[in-house]
Amino acid sequence: MDIERQSQHEGSVATVLDDVWVTIVWNDPVNLMSYVTQVFQTYFNLPREVAARHMREVHVNGRSVLSSGPREKMEVDVQAMHSYGLWATLQRSGE
Amino acid sequence: MRGFERRDGMAVALLDEEERLVVARIVADVALLLGAESFGRDGASEADPASDIDDPFAHLRGLEESIREPSDPAILRLLPNAAPTDREVAAEFRRLTDGELRAIKTRRLRRIWDQLSTGDDEWVVPADAALETAAALTDVRLVLSSRLGLVTDDDADRLHAEIDLASHALATDDDNMLSVDPERVWLGMLYQALTWLQDTLVEFVAEQE
């Protein structure tokens with residue numbers, strides 16, 4: 001799939017390692033705080049209090065980074081969030 | 001209506017016949033929006049054929065083809081843009097996930113429809129289906145919220161105030177009632193009822209842990 005990107009970065013381990021993506025969940029006026037916490041806890045397998053902290057971050061700051069890693073993994077996480085009706089996006093880390 | 005309570009390890013809510021019909025109907029309507037076939041023999045098939053339904057067969061076509069972003073804002077809330085600043089990433093994500101997400105969401109809605117069509121006042125949700133059922137309720141609420149124009153937290157607060165006003169006017173035969181759009185109030189009350197039901201179901205899930 002990403003042949004172009006791979007060849008571009010060939011030989012540069014640091015750059016490949018730097019190609020880290022993140023999953024961001026955004027605030028919306030529909031989802032209940034208890035529900036968002038529960039989804040974070042269940043899907044990302046987080047302790048209750050960590051899940052609740054991410055939920056508050058979404059609610060107060062408008063967004064929270066829930067996971068990071070290769071793009072393909074972030075696509076899986078974002079898809080899972082969409083299946084739960086949360087608005088999640090993926091992007092390169094640091095963008 | 002009674003919210004979900006725990007019984008024998010399952011979540012059980014009480015809905016009378018009319019409430020079950022209303023919830024089953026909106027569940028079927030949301031599935032139609034997602035491109036599913038009509039659930040029931042009645043009700044759900046009344047959808048306006050001219051309404052803005054996105055290509056229901058999009059997910060059946062080859063995976064090589066790109067899939068357009070839904071034009072209906074309600075469907076876009078169910079299948080949102082996964083990378084608003086990167087068109088290529090967003091298109092790739094949609095191409096990879098659109099069909100599966102529609103299938104997952106439709107399956108969960110269908111299960112609710114089945115559970116509400118037993119003729120029994122009890123809505124019984126097994127523990128292992130509780131969070132998925134709450135997810136389906138979110139999808140229904142997302143569609144309702146889009147129709148109600150809820151974009152910010154303030155919009156949601158205003159809706160609650162409007163409905164309180166309308167309920168008060170209804171209870172006291174106040175003429176101010178005339179200034180409230182009855183369809184908006186009806187949708188808003190349905191939204192609130194589903195919010196409340198979902199809340200009790202999420203509470204059930206949280207207690208499981």
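**View 1. Helix H1 of chain B crosses helix H4 of chain B.** In this predicted model, the axes of H1(B) (residues 17-33) and H4(B) come within 10 Å and cross at roughly 80°; axes are lines fitted to C-alpha atoms, for helices over the stretch in contact, and angles run from 0 to 180 degrees between N-to-C directions. That makes H1(B) roughly perpendicular to H4(B) (65 to 115 degrees; under 35 is roughly parallel, over 145 roughly antiparallel, the rest oblique). Helices here are DSSP runs of H or I with at least four residues, strands are runs of E with at least two, and both are numbered from the N terminus. From H1(B), look for B:Ile26, B:Val27, B:Val30 and B:Leu33, which meet B:Asp139, B:Val140 and B:Val143 of H4(B); residues are in contact if their C-beta atoms, placed from the backbone, lie within 7 Å. This contact has six nonpolar, no polar and one charged residues (Ala, Val, Leu, Ile, Met, Phe, Trp, Tyr, Cys and Pro are nonpolar, Asp, Glu, Lys and Arg charged, the others, Gly among them, polar).

**View 2. B:Leu201 sits in the largest nonpolar core.** Of the 65 residues in this core, B:Val27, B:Val30, B:Ala134 and B:Leu201 touch the most other members. H4(B) gives the most to the core, with ten residues. A nonpolar core is a set of buried Ala, Val, Leu, Ile, Met, Phe, Trp, Tyr and Cys residues joined through C-beta atoms within 7 Å. Leaving aside neighbours within four places in sequence, B:Leu201 is in contact with B:Phe4, B:Ala11, B:Val125, B:Ala130, B:Thr133 and B:Ala134.

**View 3. B:Glu207 is found in helix H6 of chain B.** B:Glu207 counts as exposed because it has 9 C-beta neighbours inside 10 Å (12 or fewer is exposed, 20 or more buried, in between partly exposed). Its C-alpha atom is separated by 9.4 Å from that of B:Arg6, 201 residues apart along the chain.

**View 4. Chain B touches chain A.** The contact takes 34 residues from chain B and 19 residues from chain A. On the chain B side, H3, H4, H5 and H6 each give two or more residues, and H4(B) gives the most, with eight. This side divides into 20 nonpolar, six polar and eight charged residues.

**Reading the labels.** Residues are numbered from 1 along each chain as its sequence is written, while chains are lettered from A and ligands numbered from 1 in the order in which they are written. Local features need pLDDT of at least 70 and side-chain atom pairs count only at pLDDT 80 or more, whereas totals for chains, interfaces and linings use all residues.

Definitions and conventions. Two residues are in contact if their C-beta atoms, placed from the backbone, lie within 7 Å.
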